[in-house]
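Here are some notes to read alongside the model.

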Amino acid sequence: MKMLLVRKFRVLILMVFLVACTMHIMIDLLPRLERRGPEGRPGCSCPPPAAAPPRAAAPRWPSKHTLRILQDFSAEPASNLSSQSREAAERAAGGAGGAGAAAAGRARRLIGPGAPRPPPPASNAAPLAALFEHPLYRAALPPLADGDLLFNVNSDIRFNPRAAEQPEWQNEDHHEEFLPTGETSIDSYPNWLKFHIGINRYELYSRHNPAIEALLQDLVSQKITSVAMKSGGTQLKLIMTFQNYGQALFKPMKQTREQETPPDFFYFSDYERHNAEIAAFHLDRILDFRRVPPVAGRLVNMTREIRDVTRDKKLWRTFFISPANNICFYGECSYYCSTEHALCGKPDQIEGSLAAFLPDLSLAKRKTWRNPWRRSYHKRKKAEWEVDPDYCEEVKQTPPYDSGTRILDIMDMTVFDFLMGNMDRHHYETFEKFGNETFIIHLDNGRGFGKYSHDELSILVPLNQCCRIRKSTYLRLQLLAKEEYKLSLLMKESLLKDKIAPILYQPHLEAMDRRLRIVLKAISDCIEKDGYDNVVENDFNTDVNTVTTER
């Protein structure tokens, strides 16, 4: 009798174990089962029959049992107040213009992420167009040899869209064109590929490259086919792949437009702001550096465009529904990836920046350099440049800063970072093919535009210590300080083109004008101390006496 009871108990334990294993397997398979179409085919996104209109409020979501497993509560319900942020920025504009912008913001929130959006209100004046017609913005580059191009389409490196044998590769507005050799025409390439093959020794893109504007439009309109978390980094970033095989880095919204970085935050623990990435691209273009990859803002549906298309289980498992019935997720990263810092939609819409990817490292290797004026990234220690006023002399004797234009590139980057208030420039990258005679790529600008009430003068230390600046940069800075080309007005006009405008809170725009005056004062002090010819490096190929005249 005793043996019989022992056997029954063992059988019961075994059955419980099998049931538990079966439940775990079913839960693990839910993401795959959820994405199956009506005929059981994975990945089918066929529209429902016309006789059965889609239900407005029925997002695909796991069962109640799974929801209870995923359910968590965020201690920061305002982690993604995208609509409130826009309203606050619009209120700051004031007057009838502010009321009109608020009305436009309300209309914009009624439009889905895939629907066309109304254009921003036209301005009577167009200072941005006048700026780009100025002689300083029309100076020609040196003639480009084959070695000055990142890719030579006629060389052994071929970009043949037919290799993918997918019709989605092409732009929707173009038919594939074939050359007599049987290869495809560059005009039929997707815009991200046109951007890649346009990179050269001196710039990421040319001033009037039509592919850049088309690429910015692609970033906000192309269908997202897959999403994965980017490895490394301190905060959550997503790699998004589009239907035309382009890729972009998505940084979700973490702060509202009007929020400043708390004064007790260290620079290395500050939030990475999506609007800072967008504004940095526009500022870089206005300064005529053209060293930031194209960035655009986009309103993303967290359910349909992230959760439903990701194959990253670690990302998928962090989705939950907040007590306010908003869709939230937090992913995995070093900082701010927890339920207390979850990213929540309204109810499932989230703002973010999308930065176009540079060419794959297997095709175009990049070299990473430590910034000589890198901060200590320590709560108490100081870097060498903070305690040694002659630090620049040591840098100028060290390759690659002892020859070429690299030290001038550092000065350009210093001015760029100071105007944004970006203290987080620990490394920079260059394209390996061009050696040391090429520009610095201005990547990762998310920690800019954190404080509009404070100017971080330590960012300008490289300029103050080295007292070197390009003549082209100096003249453009002087131009942007004039009333007819006021930097804040140019930035405001340029940023209005973005789909999630307004991008910057008005005090941030005003802070750039103030910081520009500080930069010009620093250069003036250097000229007074060392002389014009020792400070200002003439980088023009031709005489520019006419450039400095009033227009």
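1. A definition comes first: a residue counts as buried under 20% relative accessible area, as exposed over 50%, and as partly exposed in between. Lys521 has a relative accessible area of 48%, so Lys521 is partly exposed. Please bear in mind throughout that this is a predicted model.

2. Lys521 has a charged partner. The side chains of Lys521 and Asp525 form a salt bridge, at 2.9 Å from N to O. Why are these two residues about one helical turn apart? Both lie in helix α17 (residues 506-530), and they are separated by about one turn because they are four residues apart there. Asp525 counts as partly exposed because its relative accessibility is 35%.

3. Over the whole structure, the search finds 26 salt bridges. One of the pairs is Arg138 with Glu133, where the closest N and O atoms are 3.0 Å apart. Glu133 is at 41% relative accessibility and therefore counts as partly exposed.

4. Arg273 and Asp270 meet through their side chains in a salt bridge, with 2.9 Å from N to O. Is Arg273 buried or exposed? Its relative accessibility is 3%, so Arg273 counts as buried. Asp270, at 6%, counts as buried too.

5. Where does Asp270 sit? Asp270 is in the loop between β3 and α8 (274-286). Leaving aside residues up to four places away in sequence, Asp270 touches Gln235, Thr261, Phe265, Tyr336 and Arg447.

6. Strand β3 belongs to an open sheet of five strands, paired antiparallel in the order β1-β2-β3-β8-β4. At the edges are β1 (224-229) and β4 (295-301), each of which pairs on one side only. On average, neighbouring strands of this sheet are turned by 35 degrees against each other, direction ignored.

7. Strand β2 (residues 238-242) and strand β3 (residues 247-252) run antiparallel and are joined by four bridges. Met240 has Ala248 in β3 as its bridge partner.

8. Which helix lies across strands of the five-stranded sheet? Helix α7 (residues 210-221) lies across β2, β3, β4 and β8 (349-356). Its direction is at about 15 degrees to β4.

9. There is also an open sheet of three strands, in the order β5-β6-β7, again with antiparallel pairing. The edge positions are taken by β5 (320-321) and β7 (343-344); each has a single partner strand, so one side of each has no neighbour in the sheet. Two bridges link β5 to strand β6 (residues 327-329), and these strands run antiparallel. Phe320 stands opposite Cys328 in β6.

10. The last point concerns the surface. Which residues form the nonpolar patch there? Leu14, Phe17 and Leu18 make up this patch, and together they have about 320 Å² of accessible area. Leu14 is part of helix α1 (residues 2-34).

Key. Residues are numbered from 1 along each chain as its sequence is written. This is a predicted model: local features need pLDDT of at least 70, side-chain atom pairs count only at pLDDT 80 or more; totals for chains, interfaces and linings use all residues. Side-chain values use heavy atoms; hydrogens and water are left out. Two strands pair if DSSP finds at least two bridges between them. Axes are lines fitted to C-alpha atoms, for helices over the stretch in contact, and angles run from 0 to 180 degrees between N-to-C directions. Contact means heavy atoms within 4.5 Å. A salt bridge is a side-chain nitrogen of Lys or Arg within 4 Å of a carboxyl oxygen of Asp or Glu. Buried means under 20% relative accessible area, exposed over 50%, partly exposed in between (1.4 Å probe, protein chains only). Patches are made of residues with over 30% relative accessible area and no salt bridge: like charges are joined within 9 Å, nonpolar side chains (Val, Leu, Ile, Met, Phe, Trp, Tyr) within 5 Å. Accessible areas come from the Shrake-Rupley method with a 1.4 Å probe; for residues, only the protein chains shown count as cover.
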